[in-house]
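Have the viewer open as you read.

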Amino acid sequence: VADLGFTATTRYDAIKKRIIALGGELCPNEAGPADRLQYSDQPLGEWYQIAMEGLPDAHRGLRVFRIERGSDRLFLFGGFGSPGTLYYPDDRFVCVVPRKK
């Protein structure tokens with residue numbers, strides 16, 4: 001989030017808008033599960049969110065994928081992805097950066 005220029009807690013909708021304004025793209029929803037399957041050597045304690053359109057959960061909230069390695073296990077979580085969800089500057093998101101032509 002800090003790499004996007006934010007220095008305080010920031011709403012998820014603003015994070016998504018900034019990614020796009022800087023020339024990035026949101027990830028397709030399948031990027032979360034695919035990344036979890038491929039990133040088997042993720043360092044212990046590392047985590048990040050997938051910048052994507054939120055998927056609805058059972059309680060009418062929206063979720064985005066979170067990739068984490070903790071307690072020497074690999075996890076794929078559903079992190080909060082509603083527009084008003086606040087993230088800290090040290091929170092990390094992965095997005096698509098198009099190749100230059």
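## Two loops with a positive phi

Start with Asp72, which sits in the loop between β4 and β5 (73–80). Keep in mind that this is a predicted model. Asp72 is not a glycine, yet its phi is positive, at about 60°. In terms of solvent, Asp72 counts as exposed, because its relative accessibility is 54% and the cut-off for exposed is over 50%.

## Ser40 and its contacts

Next stop is the loop between α2 (31–38) and β2 (47–50), where you'll find Ser40. At a relative accessible area of 49%, Ser40 is partly exposed. Setting aside neighbours within four places in sequence, Ser40 is in contact with Arg69 and Leu74. For a sense of distance, take Ser40 and Gly61: they are 21 residues apart in sequence, and their C-alpha atoms are 29 Å apart in space.

## A buried lysine

Helix α1 covers residues 12–21, and Lys16 is part of it. Is Lys16 buried or exposed? Lys16 is buried: its relative accessible area is 14%, and the cut-off for buried is under 20%. If you leave out neighbours within four places in sequence, Lys16 is in contact with Leu26, Met52 and Glu53.

## The cysteines

How many disulfides are there? The count comes to zero. The closest cysteine sulfur to that of Cys27 belongs to Cys95, and it is 6.5 Å away, which is too far for a bond because a disulfide needs the two sulfur atoms within 2.5 Å. Seen from the other end, Cys95 is in no disulfide either, with the sulfur of Cys27 as its nearest cysteine sulfur. Cys27 is buried, at a relative accessible area of 8%, whereas Cys95 counts as partly exposed at 29%.

Here are the accessibility values for the residues on this tour:

| Residue | Relative accessible area | Class |
|---|---|---|
| Cys27 | 8% | buried |
| Lys16 | 14% | buried |
| Cys95 | 29% | partly exposed |
| Ser40 | 49% | partly exposed |
| Asp72 | 54% | exposed |

## Zooming out to the chain

The protein chain has two helices and seven strands, and along the sequence they follow the pattern β-α-α-β-β-β-β-β-β. Along its principal axes, the C-alpha trace spans about 40 × 35 × 25 Å. The radius of gyration is 14 Å, which agrees with the value near 13 Å that a compact globule of 101 residues would have.

What about the interior? Of the 101 residues, 35% count as buried. Looking at contacts between residues at least 6 apart in sequence, 55% join residues at least 24 apart.

Note on methods
Residues are numbered from 1 along each chain as its sequence is written. This is a predicted model: local features need pLDDT of at least 70, side-chain atom pairs count only at pLDDT 80 or more; totals for chains, interfaces and linings use all residues. Side-chain values use heavy atoms; hydrogens and water are left out. Helices (H or I, at least four residues) and strands (E, at least two) are DSSP runs, numbered from the N terminus. Buried means under 20% relative accessible area, exposed over 50%, partly exposed in between (1.4 Å probe, protein chains only). Contact means heavy atoms within 4.5 Å. The radius of gyration is taken over C-alpha atoms; the globule rule is 2.2 Å times the number of residues to the power 0.38.
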